[in-house]
Amino acid sequence: MTGAMRIEIRRVLRDHARLPVDVDSLRDDADLFQLGMTSHASVNVMLALEDAFDIEFPDQMLKRSVFESVDGIARALDELESRAA
Amino acid sequence: MTLSIGLDLTSADAVEESLRIFGARYLERVYTERERRDCRSDTGRLAARFAAKEAAMKALRREDEPIPWTSIGVCADGAGRPSLELTGPAAALARRRGVSELSVSLTHEGPFAAAVVVASLRETT
């Protein structure tokens, strides 16, 4: 996962996660749900990531650990990228 | 036998925002065909159904299993009494938990919608 992709993940979180904290100050492993992201906001995050990276999350990835942190999202995007290669 | 309760509160304004930004794609990824037909673009009713899905996942004691939102659907009988229909991964989780009964109650008023789900569990895994 490149630095540019992590910047894009943070942009999506800033626009859609409705977090009450500054996204730029978050650690990559910070738990977004514990910080206040609702399950409904995680839907918007998922759809916005699909738009940003031109991918579609398969049903097997629709679990908490994928969307709970920048690291979790980055791992999922890496996996989708390697599947597509 | 154990009773397990799940509760969730969802904002109708958040549903309205998702509809505005993502439109049909949001509806298709989250709601069953029946829910989309029953609710159309009524954000209060959609929010209540989203709350029911999340309440059901809590009552089923979901950990990190992948559960698509569309595998939990709200149906209503002729008298308007709601019930839950589980399919695919949600139905498999309910089987693993030994669910014998599942009840749901929904409400929405103004910007808020809520749901409570009660499950009778005979937890097996």
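User: What makes the crossing of α1(A) and α2(A) right-handed or left-handed?
Analyst: α1(A) passes α2(A) in a right-handed crossing. A crossing is right-handed if the near helix is turned clockwise from the far one by less than a right angle, and left-handed if anticlockwise. This is a predicted model: local features need pLDDT of at least 70, side-chain atom pairs count only at pLDDT 80 or more, and totals for chains, interfaces and linings use all residues. Residues are numbered from 1 along each chain as its sequence is written, while chains are lettered from A and ligands numbered from 1 in the order in which they are written.

User: Why is α1(A) called oblique to α2(A)?
Analyst: α1(A) and helix α2 (residues 39–53) of chain A pack at an angle of about 140°, with their axes 9 Å apart. That angle makes α1(A) oblique to α2(A). Under 35 degrees counts as roughly parallel, over 145 as roughly antiparallel, 65 to 115 as roughly perpendicular, and the rest as oblique.

User: Which residues of α1(A) make that contact with α2(A)?
Analyst: A:Glu8, A:Val12, A:Leu13, A:Asp15 and A:His16 of α1(A) do. Two residues are in contact if their C-beta atoms, placed from the backbone, lie within 7 Å. By class, the contact of α1(A) with α2(A) has seven nonpolar, two polar and two charged residues. Ala, Val, Leu, Ile, Met, Phe, Trp, Tyr, Cys and Pro count as nonpolar, Asp, Glu, Lys and Arg as charged, and the others, Gly among them, as polar.

User: How do you know how α1(A) lies against α4(A)?
Analyst: Helix α1 (residues 3–16) and helix α4 (residues 70–84) of chain A pack at about 120°, with axes 10 Å apart. α1(A) and α4(A) are therefore oblique to each other. α1(A) passes α4(A) in a right-handed crossing. Residues in this contact include A:Ile9 of α1(A) and A:Ile73 of α4(A).

User: What makes α3(B) mostly covered?
Analyst: In α3(B), 14 of its 17 residues are buried. A residue is buried if 20 or more other C-beta atoms lie within 10 Å of its own, exposed if 12 or fewer, and partly exposed in between.

User: How do you know that the span of α3(B) is close to the expected one?
Analyst: Helix α3 (residues 43–59) of chain B reaches 24 Å from its first C-alpha to its last, close to the 24 Å expected. The expected span is 1.5 Å times one less than the number of residues.

User: How many residues of chain B are in contact with chain A?
Analyst: 16 residues of chain B are in contact with 13 residues of chain A. α1(B) gives the most to this side of chain B, with eight residues.

Key: Helix = DSSP H or I, 4+ residues; strand = E, 2+ residues; numbered from the N terminus. Axes fitted to C-alpha atoms, helices over the stretch in contact; angles between N-to-C directions.
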